[in-house]
Amino acid sequence: MPVVRNGLDAWAAAEFSALYGKTVGVVCNQATISFSFVHIIDLMLPYHQAGKLKIGAAFGPQHGIWGHTQDNMIEWEGYTDPRTGLLFYSLYGEHREPTPAMLQGLDALVFDVPDIGTRYYTFIWTLALCMKACEPLGIPVYVLDRPNPISGTQVEGGVLDPAFASFVGLYPLPIRHGMTMGEIGMYLKRRFFPKVSLTVVEVSGWDRAQYGDECGAVWAMPSPNMPTVDTAVVYPGMCLIEGTKLSEGRGTTKPFETFGAPYIDGWKLCAGLDAEKLPGVCFRPVQFEPTFQKCKEHICQGGFIHVTDRRAFHSMLTGIAVIREIVHLYPDQFKWLDLPYEYEWNLMPIDILAGNSWVREAIEAYASLSSIRDRLQAEADGFAEWRELVY
């Protein structure tokens, strides 16, 4: 199996010499590890202690630097880490954009937070807000790049409508974007932050058609409910269930692959979904009891997604099909999730996630899956020009 070299691996091999003489901020989380499974802070710390560079502060995205908080938890603002003596800040609390005070004295901001290839994943938007904050201050941003774990060739719409912007989508981007974090940074620079100084330390040894577990890339859970690459594969579509009162499997060992509710007949539901002949997937009836979050300690019925062909599988279409079938079978019991969601009080959570209202309206109208697929594809095709500019 070929082995990829992340941007972090390249800089570690060069002993972080590009940062010598600089005071730097580091945006990272627990999954920011090298091919040898060593965290970026531990790799940089000897050079900091030797005075070759100075780590002025470390910044954690949603779930914290060490991935210790669940989704939508308001996190700490800042503290001195007792192990390293470094100042740690949260970028998922009162401040999602680093303030001038947080950035004061920094000569550069290093960003290395693994993404999972989906627009809802808030780490993308932490990068956007870091670029936004650094641009007027003249602070260069360095993105240490990594492979997209669900491939860099497959793209699924829809593209965010700016009227539905939120922290799960601040700027237009397909839901499954087929880009690396560095490429998203280049896209944001070209379209929204032209004056920011951005350097991408590229990944090497990766075929864009490869998934993360096909190319030797190391995997550490980037967030508490993203345990495997298999989870990431289904996430673009199945995260839409967060916009409903259905369980998306949080509180089980297989979130997003497991879904359901107490009122569902799992066998009837899965038979209906299999009858749609969705590509690359089959559904197995299950019963499960979430240990936390929605439907906590209630026996649910629903389905488990088995992806039989990743390259044929269309996650967005599948997620829409799941909700559409449940709405059709259980119109009186099904409910959309109430406000707020991701700090937003004026938009329905499902519309925030979809980045539009047409997905919800199509589900409620029981529109044909073929018409939904065509619209998703048209939106993805319309974004192709932007993608081609950055890879």
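Tutor: Start with a term for helix pairs. A crossing is right-handed if the near helix is turned clockwise from the far one by less than a right angle, and left-handed if anticlockwise. Here H8 passes H11 in a right-handed crossing. Keep in mind that this is a predicted model.

Student: What angle do H8 and H11 make, and how far apart are their axes?
Tutor: Two packed helices are described by the angle between their axes and the distance between the axes. For H8 and helix H11 (residues 369–382), the angle is about 145° and the axes are 10 Å apart.

Student: Which residues of H8 and H11 meet?
Tutor: From H8, find Met316, Leu317, Ile320, Ala321 and Arg324. From H11, find Leu369, Ile372, Arg373 and Leu376. By class, this contact of H8 with H11 has 7 nonpolar, no polar and 2 charged residues.

Student: I also clicked on Glu379. Where does Glu379 lie?
Tutor: Glu379 lies in helix H11. Leave aside its neighbours within four places in sequence, and Glu379 is in contact with Gly158, Val159 and Trp358. Now compare Phe283: Glu379 and Phe283 are 96 residues apart in sequence. In space they are 27 Å apart, C-alpha to C-alpha.

Student: Let me try another helix pair. At what angle do H6 and H8 pack?
Tutor: Helix H6 (residues 229–238) and helix H8 (residues 315–329) pack at about 55°. Their axes are 6 Å apart. H6 and H8 are therefore oblique to each other. Their crossing is right-handed.

Student: Which residues of H6 and H8 meet?
Tutor: H6 brings Val233, Val234, Tyr235, Pro236, Gly237 and Met238. H8 brings Ser315, Met316, Gly319 and Val322. The residues in this contact of H6 with H8 divide into 7 nonpolar, 3 polar and no charged.

Student: How do the axes of H7 and H8 cross?
Tutor: They come within 10 Å and cross at roughly 125°. H7 and H8 are therefore oblique to each other. The crossing of H7 and H8 is right-handed. On H7, the contact is made by Lys268, Leu269, Gly272 and Leu273. On H8, look for Ala321, Val322, Glu325, Ile326 and Leu329. By class, the contact of H7 with H8 has 6 nonpolar, 1 polar and 2 charged residues.

Student: Now the strands. In what order do the 7 strands of the open sheet stand?
Tutor: To read a sheet, follow the strand order, then the pairing sense. The order is E3-E4-E2-E1-E5-E6-E9, and the pairing is mixed. Strand E3 (78–80) and strand E9 (198–201) stand at the edges. Each has a single partner strand, so one side of each is left without a neighbour in the sheet. Neighbouring strands of this sheet are turned by 20° against each other on average, direction ignored.

Student: In what sense do E2 and E4 pair?
Tutor: Strand E2 (residues 54–60) and strand E4 (residues 87–90) pair in the parallel sense over 3 bridges. Look at Phe59: its bridge partner in E4 is Tyr89.

Student: Which strands does H4 lie across?
Tutor: Helix H4 (residues 123–137) lies across strand E1 (23–28), strand E5 (108–112), strand E6 (141–144) and E9. H4 runs at about 170° to E5. Helix H5 (residues 181–191) also packs on the sheet, touching E5, E6 and E9. The direction of H5 makes about 160° with that of E9.

Student: In what order do the 3 strands of the other open sheet stand?
Tutor: Their order is E10-E12-E11, and the pairing is antiparallel. Strand E10 (258–261) and strand E11 (281–288) stand at the edges, each with a single partner strand, so one side of each is left without a neighbour in the sheet. The twist averages 25° from one strand to the next. E10 and strand E12 (residues 300–307) pair over 4 bridges. Phe259 stands opposite Gly303 in E12. Helix H7 (residues 266–275) lies across E10, E11 and E12, running at about 170° to E11.

Student: Last, the whole chain. How many helices and strands are there?
Tutor: The chain has 12 helices and 12 strands. Along its principal axes, the C-alpha trace spans about 65 × 40 × 40 Å. For overall size, compare the radius of gyration with that of a compact globule. With 391 residues, such a globule would have a value near 21 Å; the chain has 21 Å, which agrees.

Definitions and conventions
Residues numbered from 1 in each chain as written. Predicted model: local features only at pLDDT ≥ 70, side-chain atom pairs only at ≥ 80, totals over all residues. Heavy atoms only, no water. Pairing = 2+ DSSP bridges. Helix = DSSP H or I, 4+ residues; strand = E, 2+ residues; numbered from the N terminus. Axes fitted to C-alpha atoms, helices over the stretch in contact; angles between N-to-C directions. Contact = heavy atoms within 4.5 Å. Parallel < 35°, antiparallel > 145°, perpendicular 65-115°, else oblique. Nonpolar A, V, L, I, M, F, W, Y, C, P; charged D, E, K, R; others polar. Rg over C-alpha atoms; globule rule 2.2 N^0.38 Å.
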